[in-house]
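Trainee: I would like to learn how to read a model like this one. Can we go through it feature by feature?

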Amino acid sequence: MEKEQIGLANPVRILAVYLIATAPPLLLGPLSVPHVTLAVVHVSLIGVTWRLREYRQADGRAAWAGLIAIPLLYTEIGQINQYLAAGYHDPFVMSLESFVFGSPATELAAALPSLWLSETLHFAYLSYFPAIFVPPALLFFAGRTDAFRESVSAVLLAAVLCFVVFVYFPVQGPRYFGPPEGVPDGPLRRLTLSVLETGSSRGAAFPSSHMSIVTAQAFVQLRATRSVGIVVTIAALGIGIGAVYGGFHYAIDMVLGGAIGLAAAYTTRDRT
């Protein structure tokens, strides 16, 4: 018999709450065809997801919508986070960074200007993308429906908590102020920059959704499949260090992102 999913353990409800929380900038934004179109789509999705919030499917396929939604929701952030107040809050985050860490986002590569280290860390940073989808897919195809839903719920909640901050408190990150001094050039470095240039949303740096999502995934997978969890945990460490080394994030982004990921995984965990 299928278990009841309630509250923040239900991916559809997480989506509905996120869409409601981020509706104000769209409803109050400028009157233009792209904006009105995006607002209509956004509000329509609120209605659809709210009607589906009690939807059940024995084999768990409905939960895939939560994973598919992550990159789709991310793409609109760079636009809607400028609707209420144009500008970014990097000065505040940089001052917080300096107070807590000094300046590791700009000094780590200069202190360790090694090509093999740089390429390894950039490879680890790119592992974020399979880390979203591969571990839950392994659970799904193994027929472990409850663990699959837990994984999706944790990852989705970790993502949308960060996304809400991006909408109301946009931070660009150090990448927009030039590359860090001393970071070696290499094929994986260039590939990473190309991916970010093509697919990143401006203002989506603090806290790091990369770190939040992969931390939540690691927490769930350590409980579900220890060997997979260990691999994801190693990837999480590499992503955290690689993002700072490559100048993509402030270190404080990664720390707060990791904390949010742990909180999301704890909140959505299966307590049976």
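Trainee: Does T267 count as buried, partly exposed or exposed?

Mentor: This is a predicted model, where local features need pLDDT of at least 70, side-chain atom pairs count only at pLDDT 80 or more, and totals for chains, interfaces and linings use all residues. Residues are numbered from 1 along each chain as its sequence is written, and side-chain values use heavy atoms, with hydrogens and water left out. Buried means under 20% relative accessible area, exposed over 50%, and partly exposed in between (1.4 Å probe, protein chains only). T267 has 32% relative accessibility, so T267 is partly exposed.

Trainee: Where is T267, and what does its side chain reach?

Mentor: T267 sits in helix α13, residues 251-268. Helices here are DSSP runs of H or I with at least four residues, numbered from the N terminus. The T267 side chain reaches the backbone oxygen of A263 at 2.7 Å. Across the chain, T267 and S153 are 114 residues apart, yet their C-alpha atoms are separated by 9.4 Å.

Trainee: At what angle do α1 and α9 pack?

Mentor: Helix α1 (residues 11-21) and helix α9 (residues 145-168) pack at about 5 degrees, with axes 10 Å apart. Angles under 35 degrees count as roughly parallel. The two helices, α1 and α9, are therefore roughly parallel.

Trainee: Which residues make that contact?

Mentor: Contact means heavy atoms within 4.5 Å. From α1 come P11, I14, L15, Y18 and A21; α9 gives residues including V152, S153, L156 and F163. The α1 and α9 contact residues divide into 13 nonpolar, one polar and no charged. Ala, Val, Leu, Ile, Met, Phe, Trp, Tyr, Cys and Pro count as nonpolar, Asp, Glu, Lys and Arg as charged, the others, Gly among them, as polar.

Trainee: How many salt bridges does a search of the whole structure find?

Mentor: A salt bridge is a side-chain nitrogen of Lys or Arg within 4 Å of a carboxyl oxygen of Asp or Glu. The search finds four. One of them joins R149 and D146, closest N and O atoms 3.9 Å apart. Both lie in α9, three residues apart, about one turn of the helix. R149 is buried at 6%; D146 is partly exposed at 33%.

Trainee: Which parts does the R223 and E150 pair tie together?

Mentor: R223 and E150 form a salt bridge, closest N and O atoms 3.5 Å apart. R223 lies in helix α11 (residues 209-224) and E150 in α9, so the pair ties together parts 73 residues apart in sequence. E150 is buried at 9%, while R223 is partly exposed at 46%.

How values were computed: Axes fitted to C-alpha atoms, helices over the stretch in contact; angles between N-to-C directions. Parallel < 35°, antiparallel > 145°, perpendicular 65-115°, else oblique. Polar contact = N/O pair within 3.5 Å; in protein donor to acceptor, adjacent residues only side chain to side chain.
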